Amino acid sequence: MNISASAHWLKEHQQKLTQQLVSGRMPHALLIVGASGSGKSQLIQWLSHVVNCLHPVREGDTGIVLACKQCKHCKLQSSDTFPDLLELDRSENTISVDSVRSASRFLESKAQIGHHKVVVVERAERMSVAASNALLKTLEEPTAGNLLVLSANNIEHLLPTIISRCQLIEIRPSLQQLTQNHPQHANINISYLPELTDPSLAEAFQAYCLAMAQALDNIQQWQLFEQQLTEQERGLLWLERIVYLAQRSLGSSQSADESSLPVVQKLAATLDFDSLIKVFQLILELNRHLADYPQANAAMLKQQLATTLFTLISGTE
Ligand SMILES: [Zn+2]
């Protein structure tokens with residue numbers, strides 16, 4: 001398949017994977033990380049098709065291998081009936097231990113008709129701790145030639161033991177690459193891809209950042225931000241990203257693109273590094289808790305987080 005022009009930043013990853021594939025050095029597990037909309041699924045689809053194509057072709061200018069779309073395997077892949085490919089359900093909110101176990105069993109034997117058996121687990125952060133542990137066994141005892149492909153929006157939500165056993169591919173399109181088709185959004189942070197392309201979400205995100213910036217300027221305005229955090233569906237995700245960027249801008253790996261949001265600069269000027277780490281940990285714990293217990297009272301837990309943040313910020317004045 002061809003990768004559409006909108007995701008040309010995937011090519012460097014395809015070139016590296018092509019080299020590994022043609023030299024027979026494919027790893028047994030890959031973890032593809034990137035913000036929502038960065039092209040993870042496109043990369044996975046390309047890879048899962050090309051590894052089992054009978055007559056792959058080379059793209060002239062880039063050298064990337066492409067599936068031929070004509071052979072028996074390609075046709076089975078296009079009709080979702082290829083027996084050596086298993087994709088875990090993308091629509092479920094969580095990935096159960098049972099799903100992981102059946103994927104592991106699938107990978108225990110050699111491919112039936114293809115070169116490789118392939119299992120795809122998109123949004124791997126949906127795995128509970130128990131499911132992650134079940135997957136670890138497969139990662140520790142891989143069957144030669146078989147391939148497990150994981151993807152995640154947030155690497156922070158995965159167990160370090162999972163990450164360390166995969167070849168990591170980080171998709172990080174530059175601001176320029178992302179905004180060349182959307183020049184009007186050039187001032188929006190690249191980490192918010194849906195916010196970049198969905199105008200109503202972009203507006204909500206800007207209102208959120210403004211409310212938080214005002215609360216940081218004047219703690220009397222806190223209530224408005226707290227409302228945004230607890231009522232806005234993506235409120236916790238946005239806070240996670242802002243805190244992460246503020247923490248990074250205080251560290252050494254500062255990127256001009258990413259720390260350019262005023263609210264990030266204000267937060268970095270208000271809280272010290274240790275406090276930001278503490279808040280970040282609390283957000284991650286809350287995220288995990290909400291993922292593990294869908295019936296939890298999310299509004300109340302977010303309120304508690306807001307109170308902790310308020311105490312830290314008002315303590316600095
Ligand atoms: Zn083919």
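At what angle do the axes of helix α11 (residues 235-250) and helix α13 (residues 273-292) cross? They cross at roughly 150° and come within 9 Å of each other. The structure is a predicted model, in which local features need pLDDT of at least 70, side-chain atom pairs count only at pLDDT 80 or more, and totals for chains, interfaces and linings use all residues. Residues are numbered from 1 along each chain as its sequence is written.

**Overall composition**

- The protein has 14 helices and 7 strands; helices (H or I, at least four residues) and strands (E, at least two) are DSSP runs, numbered from the N terminus.
- Of the 317 residues in the protein, 35% are buried. A residue is buried if 20 or more other C-beta atoms lie within 10 Å of its own, exposed if 12 or fewer, and partly exposed in between, with C-beta atoms placed from the backbone.
- Among contacts with a separation of 6 or more, 69% join residues 24 or more positions apart. Two residues are in contact if their C-beta atoms, placed from the backbone, lie within 7 Å.

**Nonpolar cores**

- The largest nonpolar core has 41 residues, of which Leu31, Ile32, Leu47, Val149 and Leu150 touch the most other members. Such a core is a set of buried Ala, Val, Leu, Ile, Met, Phe, Trp, Tyr and Cys residues joined through C-beta atoms within 7 Å.
- Two or more residues of this core come from each of β1 (29-33), α2 (40-50), α4 (97-108), β5 (118-121), α5 (129-140) and β6 (147-152).
- When residues up to four places away in sequence are not counted, Leu47 touches Leu17 and Val149.
- A second, separate core holds 29 residues, including Tyr244, Leu245, Ala268 and Leu276.

**Packing of α11 with α13**

- Two packed helices are described by the angle between their axes and the distance between the axes. Axes are lines fitted to C-alpha atoms, for helices over the stretch in contact, and angles run from 0 to 180 degrees between N-to-C directions.
- Helices α11 and α13 are therefore roughly antiparallel to each other. Angles under 35 degrees count as roughly parallel, over 145 as roughly antiparallel, 65 to 115 as roughly perpendicular and the rest as oblique.
- The crossing of α11 past α13 is left-handed. A crossing is left-handed if the near helix is turned anticlockwise from the far one by less than a right angle, and right-handed if clockwise.
- On the α11 side the contact is made by Leu236, Leu239, Glu240, Val243, Tyr244, Ala246, Gln247 and Leu250, and on the α13 side by Phe273, Leu276, Ile277, Val279, Phe280, Ile283, Leu286 and Asn287.
- By class, the contact of α11 with α13 has 13 nonpolar, 2 polar and 1 charged residues. Here Ala, Val, Leu, Ile, Met, Phe, Trp, Tyr, Cys and Pro count as nonpolar, Asp, Glu, Lys and Arg as charged, and the others, Gly among them, as polar.

**Packing of α13 with α14**

- The axes of α13 and helix α14 (residues 298-314) cross at roughly 175° and come within 11 Å; the two helices are therefore roughly antiparallel.
- Ser275, Val279, Leu282, Ile283, Leu286, His289 and Leu290 of α13 meet Ala298, Leu301, Leu305, Thr308, Leu309 and Leu312 of α14. This contact of α13 with α14 comprises 10 nonpolar, 3 polar and no charged residues.

**Packing of α11 with α12**

- Helix α12 (residues 262-270) packs against α11 at an angle of about 60°, with the axes 8 Å apart; α11 and α12 are therefore oblique to each other.
- The crossing of α11 past α12 is right-handed.
- Ile242, Val243, Leu245, Ala246, Ser249 and Leu250 of α11 meet Val263, Val264, Leu267 and Ala268 of α12. The contact of α11 with α12 divides into 9 nonpolar, 1 polar and no charged residues.

**Individual residues**

- Lys69, which is not a glycine, has a positive phi of about 70°. Lys69 lies in the loop between β3 (65-66) and α3 (72-78) and is partly exposed, with 15 other C-beta atoms within 10 Å.
- Asp80, also not a glycine, has a positive phi of about 55°. Asp80 is placed in the loop between α3 and β4 (85-87) and counts as exposed, with 8 C-beta neighbours inside 10 Å.
- Asp98 lies in helix α4 and is exposed, with 10 other C-beta atoms within 10 Å. The C-alpha atoms of Asp98 and Ala131 are separated by 7.8 Å, although the residues are 33 apart along the chain.
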